[in-house]
Amino acid sequence: MTDVKEKESAKSKRKSSMTAEFARRLVKSWSAKLGLILMLFIILACLIGPYFTGYDLNWQDQSLMRAGPSAQHIFGCDTLGRDMLTRLLYGGRYSLLMGITSAVLGAVVGIAIGLIAGYFGGFTETIIMRFMDVWSSLPGMLLCILVSAAMGNGFFPTVLALTIGSIPGGARMTRGQVLSERSREYIEAAESINCSKLSIMFKHLLPNVIQPSIVITTMSVGSTINMAASLSYIGLGIQPPAPEWGALLADGKNYVTTNPHLIAVPGIAIALTVLAINLLGDGLRDALDPKLRG
Amino acid sequence: MENFLEIRDLVVEYTQNRDTVHAVNSVSLSLGKGKTLGLVGETGAGKTTIAKSIMRILPDVGARIVSGEIWLDGENLLEKTEDEMYDIRGSKAAMIFQDPMTALNPLMTVGDQISEVLLLHNVKDKKEAMEKAGDMLEMVGIPRERYVEYPHQFSGGMKQRVVIAMALACDPELLLADEPTTALDVTIQAQVLDMIRKLRDKLNTSMILITHDLGVVAETCDSVAVIYAGQVVESGTKEDLFDHPAHPYTKGLFGSLPSMAVGEKRLHSIKGLPPDPTNLPTGCAFWPRCPYATDACKGDSAGGAPGISGREITPGHFVRCLKEV
Amino acid sequence: MGRYVIKRVLWMILILVAAAIVVFTLMYLVPGDPAELLLGVEASEEVLAAKRAELGTDRPYLIQLFDYLYHVFLKFDFGDSWRYRVNVMTELGQRLPRTLIIGGFGMILNVVVGTVLGIFAATHEGKWQDSLTMVIAMVFVSAPSFWVAWMAIILFAQTLMWVPPSGISTWTCYILPVICGSLGGIAINARQSRSAMLEVIRADYITTARAKGQREKVVVRRHMLPNAMMPIITGVGGGLAMVVAGSAVLEQVFSIPGIGQYMLSGVNQRDRPVVCGCVVFFAAFTSIAMLIMDLCYAFLDPRIKAQYSSGRKVK
């Protein structure tokens with residue numbers, strides 16, 4: 001009796017110490033710390049910042065068209081004389097929401113596809129993976145451009161385009177992970193006691209293959225924000241007057257040489273946000289698997 | 001220097017995320033020519049680190065030999081330059097690694113990996129090296145036609161044979177065998193061990209055998225050193241330790257061997273876990289698990305532990321314990 | 001091995017057909033009547049109908065699709081641009097060298113500089129050289145490439161006036177596009193090859209090689225590099241996809257009349273033959289590169305080679 005109890009307590013101890021170890025490593029990694037702080041700052045700024053800039057999103061002063069930074073407008077004004085800082089903070093909501101939604105959606109679908117392909121194997125796997133081959137024969141950016149063109153501009157079509165572009169990567173990686181886990185004994189054990197396929201896939205396999213996916217998804221939030229900006233720049237995706245960061249860039253693109261602040265400001269905002277996300281992703285990877293450090 | 005290998009007060013530390021891991025703490029060992037010393041202890045006790053310190057192949061990043069001397073055949077290896085070490089590694093001292101699955105370069109044929117070490121030391125001519133490598137393969141029981149095959153074409157036991165062939169290719173005077181059979185099937189274990197013993201006797205090689213298998217020690221070694229938390233807690237001849245173990249940890253180790261005696265119902269084990277090497281207990285490292293521990297064993301307030309520095313109970317039989325047997 | 005190559009090439013052609021179907025379908029779904037887009041809303045119904053008949057857009061989807069596939073894969077004809085009435089294949093041929101210069105040199109820079117930086121960082125792990133390289137790489141991974149290009153134009157073309165800001169009038173025009181186009185890839189490649197190297201540095205067989213008494217330089221050259229090449233090659237493949245996709249945006253920034261810009265103008269003008277032609281070309285380019293990459297793998301790694309030739313030789 002006591003043996004069993006001891007075992008149980010040892011087990012829960014180990015579990016909690018694993019979480020603690022993860023947290024300890026996460027806190028110890030400077031990149032995670034920096035990324036997290038930056039990220040929190042950016043999110044907070046975008047959520048509550050717009051109410052403190054003193055200007056409305058559509059406040060406009062035509063005498064200040066493309067005006068450079070000044071005491072009243074620390075980031076200057078845009079092509080129509082609107083306060084850049086206010087638009088930037090509002091726009092951050094679009095960019096972050098779009099990046100996170102597309103990356104998470106893409107990851108969820110990708111993981112599900114990878115799980116099914118990897119676990120069922122055989123014919124199902126062949127069909128799915130061949131399909132993925134076709135899917136990823138077009139570089140993600142090209143696919144985004146095409147879907148965007150077909151679906152039209154705006155928030156949801158763009159999210160759809162970005163999601164479609166990010167699915168094959170997640171699917172491939174999950175399948176690879178599943179393949180290496182599938183032959184492990186705990187899966188055989190679960191099968192031998194008649195666990196349903198669904199429960200094996202989601203209760204046993206998923207927790208063991210999800211760690212790298214979490215890292216990749218974090219990173220792909222960043223690359224998605226970048227891609228969204230590129231889409232806006234080439235005239236697809238979200239277009240002005242929406243204040244999304246890519247749209248801000250697109251808005252200022254004709255004044256690159258004359259009024260560089262129009263593109264420098266949103267560009268730096270994008271770069272900083274993506275940097276924060278990548279730092280966080282690096283930190284997560286280090287904390288989840290010290291083997292993969294680098 | 002009467003002993004072929006003599007290690008004095010070796011201290012090795014690793015730095016990991018700003019923590020210092022005290023891997024080896026003032027270890028002294030000695031080994032005569034042609035003799036075999038068994039290093040016994042739990043996983044993580046510092047056995048492999050000792051062996052790698054002798055070869056001076058500890059990882060560049062993080063590992064550091066803090067102090068100590070390692071005398072091999074009258075020369076202090078720790079004072080040698082890296083260039084001088086190149087000539088010692090693989091020829092005078094060679095090492096067999098624990099995991100044959102990962103110890104071979106997957107992109108090179110096994111034959112080339114053996115001739116690589118030959119070309120570095122004994123043989124100048126490429127053709128001759130290939131010939132000799134083929135001989136080595138045959139010596140460990142692999143047909144020489146398999147020279148051109150890659151590691152993935154071999155089974156685990158076969159790979160370990162290749163590793164052994166590689167280690168013995170230049171007739172080393174000192175062989176460091178780091179758990180050479182742990183990763184292998186039980187039936188293969190006996191074969192490989194038998195082969196190592198035969199080759200050792202044939203070449204009159206001195207050997208350090210790292211293992212946690214006491215049966216292997218009994219069959220193979222002349223003397224034994226028991227390592228706990230980076231320290232030698234007891235050392236002596238095989239007979240000393242098997243027949244008159246003095247340290248509570250040694251007794252616990254031998255106690256945990258299942259005996260065939262009638263009436264034994266349960267396996268014995270040592271209570272508790274090995275200490276965290278980043279945070280060793282003061283005094284004797286074993287006291288938290290020791291059934292005989294007294295306040296004296298916990299060391300004084302300054303962290304020192306007078307008297308726990310090891311004593312000789314019979315000639316050649318050292319124990320690091322306050323307790324009188 | 002030969003059988004494997006043939007199998008891969010056949011498979012590649014199938015993928016290209018599938019990619020053509022995908023892009024054709026997507027462009028078919030683009031809202032709006034192409035004829036009306038070309039002739040304007042004032043055009044009379046008869047004129048529009050004539051235009052639709054001329055373009056073939058009055059036929060059902062499947063007929064159009066099979067007609068397109070037939071022309072592309074059996075006659076190697078991408079059709080004429082709807083707007084400019086110029087054969088897409090001819091146009092691609094004219095623009096190809098410009099895109100190849102940017103893509104090719106970008107790729108070379110990507111592989112050479114990225115790998116060297118990664119190895120440099122890995123061999124200095126934990127020292128300031130490593131941190132500095134990785135911080136810089138991180139910045140270039142994060143910043144949007146077209147934005148970096150703008151900044152480069154402002155600095156090097158406008159302020160310092162070392163190179164022209166756009167166009168293709170002299171060879172110096174290509175300097176900025178090539179560098180800007182490869183920066184992101186270099187950064188990604190440097191990070192990847194660093195982790196690949198680090199993994200190999202810690203591998204047991206490296207310790208084995210050192211224990212043999214092998215010189216450190218030879219250990220790096222003979223044991224580490226070949227093993228680290230595998231993941232690095234994968235990284236190169238990813239980098240190639242980036243170069244291809246990035247060329248569209250980059251050519252736009254630098255006003256270089258290459259294939260990427262051609263495709264974008266096609267997208268903006270809903271010019272289906274142009275878009276489909278460019279995308280099929282890009283897909284073919286990527287697939288061929290992937291094929292070469294896979295063959296490199298097989299050439300370098302005996303384990304993979306064994307898989308491919310297993311039909312021939314039984315172990």
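This is a predicted model: local features need pLDDT of at least 70, side-chain atom pairs count only at pLDDT 80 or more; totals for chains, interfaces and linings use all residues.
Residues are numbered from 1 along each chain as its sequence is written, and chains are lettered from A and ligands numbered from 1 in the order in which they are written.

**View 1. Chain B as a whole.** Chain B contains ten helices and twelve strands; helices (H or I, at least four residues) and strands (E, at least two) are DSSP runs, numbered from the N terminus. The C-alpha trace of chain B spans about 65 × 50 × 40 Å along its principal axes. Of the 325 residues in chain B, 44% are buried. Among the contacts in chain B with a separation of 6 or more, 64% link residues 24 or more positions apart; a contact requires C-beta atoms, placed from the backbone, within 7 Å.

View 2. Four strands form an open sheet in the order β2-β1-β4-β5 (chain B), with antiparallel pairing. Two strands pair if DSSP finds at least two bridges between them. β2 (19–31) and β5 (75–76) of chain B are at the edges, each with a single partner strand, so one side of each has no neighbour in the sheet. Two bridges link strand β4 (residues 63–72) of chain B to β5(B) in the antiparallel sense, and B:W71 stands opposite B:N76 in β5(B). Helix α1 (residues 47–55) of chain B lies across β1 (5–16), β2 and β4 of chain B, and runs at about 70° to β2(B). For this angle, axes are lines fitted to C-alpha atoms, for helices over the stretch in contact, and angles run from 0 to 180 degrees between N-to-C directions.

View 3. Strand β7 (residues 174–178) of chain B is largely enclosed by the rest of the structure, because five of its five residues are buried. In a regular strand the side chains alternate between the two faces of the sheet. Here B:L174, B:L176 and B:D178 point one way from β7(B), whereas B:L175 and B:A177 point the other way. Strand β6 (residues 93–96) of chain B runs parallel to β7(B) and is joined to it by four bridges; B:A94 has B:L175 as its bridge partner in β7(B). β8(B) also pairs with β7(B) in the parallel sense, over five bridges, and B:I210 in β8(B) is the bridge partner of B:D178.

**View 4. Two loop residues with positive phi.** Most residues other than glycine have a negative phi, and most peptide bonds are trans. B:N204, in the loop between α7 (186–203) and β8 (206–211) of chain B, has a positive phi near 50°. C:R270 lies in the loop between α11 (259–268) and α12 (272–300) of chain C, and its phi is likewise positive, near 55°. C:R270 counts as partly exposed, with 19 C-beta neighbours inside 10 Å.

**View 5. The surroundings of C:V163.** C:V163 is placed in the loop between α7 (145–159) and α8 (175–201) of chain C. With 18 C-beta neighbours inside 10 Å, C:V163 is partly exposed. Leaving aside residues up to four places away in sequence, C:V163 touches C:F156, C:A157, C:T172, C:I175 and C:L176. The C-alpha atoms of C:V163 and C:I175 are 7.6 Å apart, although twelve residues separate the two along the chain.

**View 6. The contact between chains A and C.** Chain A contributes 35 residues to the contact and chain C contributes 38 residues. On the side of chain A that touches chain C, α5(A) gives the most, with eight residues. The residues of this side comprise 22 nonpolar, eleven polar and two charged; Ala, Val, Leu, Ile, Met, Phe, Trp, Tyr, Cys and Pro count as nonpolar, Asp, Glu, Lys and Arg as charged, and the others, Gly among them, as polar.

How values were computed
Two residues are in contact if their C-beta atoms, placed from the backbone, lie within 7 Å. A residue is buried if 20 or more other C-beta atoms lie within 10 Å of its own, exposed if 12 or fewer, and partly exposed in between; C-beta atoms are placed from the backbone.
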